[in-house]
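Below is a set of questions and answers about one protein chain. Each answer sets a value against a definition.

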Amino acid sequence: SDREFDRFLPMRLRVVSARYWTPLRVAARAAAWLDELDIRSLVDVGSGAGKFCVAAALMSRCAFLGIEHRKDLVATAGALAEVFGVQDRVAFIEEAFGGAPLPAAECYYFYNPFLEAMLGQEDWLDDHVEHGECRYDSEILAVEHWLSHAPVGTYVLTYNGLGTELPRAYTEIRCDQSFPCNLRLYRKLGLPEEM
């Protein structure tokens, strides 16, 4: 259960798990889709404490790289991967989205990682990073640019949306609306004139 899994997180992260980290049921469905489609590499943008990457690695053959801009969360996530023995397929790096090109992967996971910037201070995970409309707008522009330039064939997995619409080149190939938020998998197939 989520409660049992979350016991491996520090208390301050355990108590916010339901709000910030992907539920295990969602990770399980995503892992099943990854294996069904033989997707072998995934980058989690805004990986937080590493729950999605570690849980999905336990349930799939995929390799995961989490990108997180909070140094303490990168350390926590790395320790979580070691606890569950998946450090050979799960790694985490400290990086702000848009600060460097995204590493190459077949699939990219977004649990609406940009939303926190627009929340009121009482809903922030902490005040260790910049919040506000300026940061949000910058990240949305960066993800829109990245989406438009990602190679044809790229998969994008979202839980609770992305904060912006995906370009027409992306086609939804899986959707599960049975969770509190929608889990959707898209693939960039290219615009008709590009095919």
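**Reading the definitions**

K188 has its place in strand β7. The model is predicted, so local features need pLDDT of at least 70 and side-chain atom pairs count only at pLDDT 80 or more, while totals for chains, interfaces and linings use all residues. Residues are numbered from 1 along each chain as its sequence is written, and side-chain values use heavy atoms, with hydrogens and water left out.

Q: Why is K188 called buried?
A: Buried means under 20% relative accessible area, exposed over 50%, and partly exposed in between (1.4 Å probe, protein chains only). K188 has a relative accessible area of 7%, so K188 counts as buried.

Q: What makes S148 a polar contact of K188?
A: A polar contact is a pair of N or O atoms within 3.5 Å; within protein, one must be able to donate a hydrogen and the other to accept it, and residues adjacent in sequence count only if both atoms are side-chain atoms. The backbone oxygen of S148 is 3.0 Å from a polar atom of the K188 side chain. For the backbone oxygen of A150, the distance to a polar atom of that side chain is 2.6 Å.

Q: How do you know that C53 is in no disulfide?
A: A disulfide is a pair of cysteine sulfur atoms within 2.5 Å. By this rule the count is zero disulfides. The cysteine sulfur nearest to C53 belongs to C62 and is 9.1 Å away. For C107, the nearest cysteine sulfur is also that of C62, at 7.2 Å.

Q: Why does C107 count as buried?
A: C107 has 0% relative accessibility, so C107 is buried. C53 is buried as well, with a relative accessible area of 0%.

Q: What makes a set of residues a nonpolar core?
A: Its members are buried Ala, Val, Leu, Ile, Met, Phe, Trp, Tyr and Cys residues joined through side-chain atoms within 4.5 Å. The largest one has 41 residues, of which L42, F52, F64, V90 and L157 touch the most other members. Helix α4 (24-36) is among the elements that give two or more residues to this core, and its seven residues are the largest share. In soluble globular proteins, nonpolar side chains tend to be buried together.

Q: Why is F92 called buried?
A: The relative accessibility of F92 is 13%, so F92 counts as buried. F92 is in strand β3. Leaving aside neighbours within four places in sequence, F92 is in contact (heavy atoms within 4.5 Å) with residues including C53, V54 and L65.

Conventions
Helix = DSSP H or I, 4+ residues; strand = E, 2+ residues; numbered from the N terminus.
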